[in-house]
Amino acid sequence: MPRLADHEQRRRQIAEAVWRIASARGLEDVSLRKVAAEAGVSLRLVQYYFGTRDDLLLGALEILNADAGESIRAGIGPEEDATPREILRAMLVGMLPVDDERRTRYLVHLAYFVRSLSDPGLASAFSAAPPELERLTADLLACGRDRGEVAPDLDLLPEAELLLSSVDGLQTSIILGQRTPEAAIALIDHQLDRLFPIRPEAGGHGRPAISASGPFPP
């Protein structure tokens, strides 16, 4: 039996092949044979690690979301030193397609979104993501309020929904070349300055952790 590290490495190799095809040509062009050829492995190996095409698509999406979570966590720094605003900023900036890796991730997520419109299995995976992100964002705003950084009368959930919706628009505008990454990040900072007008000392309490498993949809 292969070691666990080898198993995960092989699954990632195959998933990355799915992402390359999806970002360039869409999920409709993803087949077990094409993925095997793109990954440089046998069809049997793809079936061994993922089973059916549907299992392959879902498995590759799970790995992609886990990558997004790890990338965001890496941008935060030591968790005990991060303020709610810093955690939220890292999460929002981490969702922007500001480099090749995140651009590919965004395009793959977009391909999955289009596919989910006619695929109930993928649709269920996407429908759970926005509420979870909204709750996490609202929780971070609540932590900021507890620390005195956020106004006590702020309506947290609507503000979280608006903040995430604005990031959705920024993602698209970057991909279309309508806005530079720097301009998009500046707008995020502008929004956070509005929501966090006071900057106490770092190292507050009660901050929710960001899960490495995502989800981080487009």
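## Aromatic pairing

This predicted model holds one aromatic pair. Its members are Tyr 48 and Tyr 49, with ring centres 4.9 Å apart. The planes of Tyr 48 and Tyr 49 meet at 85°, over the 60 degrees required, so the pair is edge-to-face.

Tyr 48 has 48% relative accessibility and counts as partly exposed. Tyr 49 is buried, at 11%, because buried means under 20% relative accessible area.

## Nonpolar cores

In soluble globular proteins, nonpolar side chains tend to be buried together. Here the largest nonpolar core has 28 residues. Leu 88, Leu 92 and Ile 188 have the most contacts inside this core. Four helices each supply at least two of its residues: α5 (84-94), α8 (129-146), α9 (156-175) and α10 (181-195). The largest share comes from α9, with seven residues.

Ile 188 touches Leu 92, Val 93, Leu 96, Val 167 and Leu 170, leaving aside residues up to four places away in sequence. A second core is separate and has 27 residues. Trp 19, Val 30, Leu 32 and Ala 60 are among them.

## Confidence

The average pLDDT of the protein is 85. Of the residues, 83% score at least 70. Over residues 202-206 the pLDDT is below 50. Beyond near neighbours in sequence, that stretch has 10 contacts in the model. Residues 211-218 also have pLDDT below 50. This second stretch has 35 contacts beyond near neighbours in sequence.

Definitions and conventions:
Residues are numbered from 1 along each chain as its sequence is written. This is a predicted model: local features need pLDDT of at least 70, side-chain atom pairs count only at pLDDT 80 or more; totals for chains, interfaces and linings use all residues. Side-chain values use heavy atoms; hydrogens and water are left out. pLDDT is the predictor's confidence in each residue, from 0 to 100. Contact means heavy atoms within 4.5 Å. Rings of Phe, Tyr and Trp (its six-membered ring) pair if their centres lie within 6.5 Å; planes under 30 degrees apart count as stacked, over 60 as edge-to-face and the rest as tilted. Buried means under 20% relative accessible area, exposed over 50%, partly exposed in between (1.4 Å probe, protein chains only). A nonpolar core is a set of buried Ala, Val, Leu, Ile, Met, Phe, Trp, Tyr and Cys residues joined through side-chain atoms within 4.5 Å.
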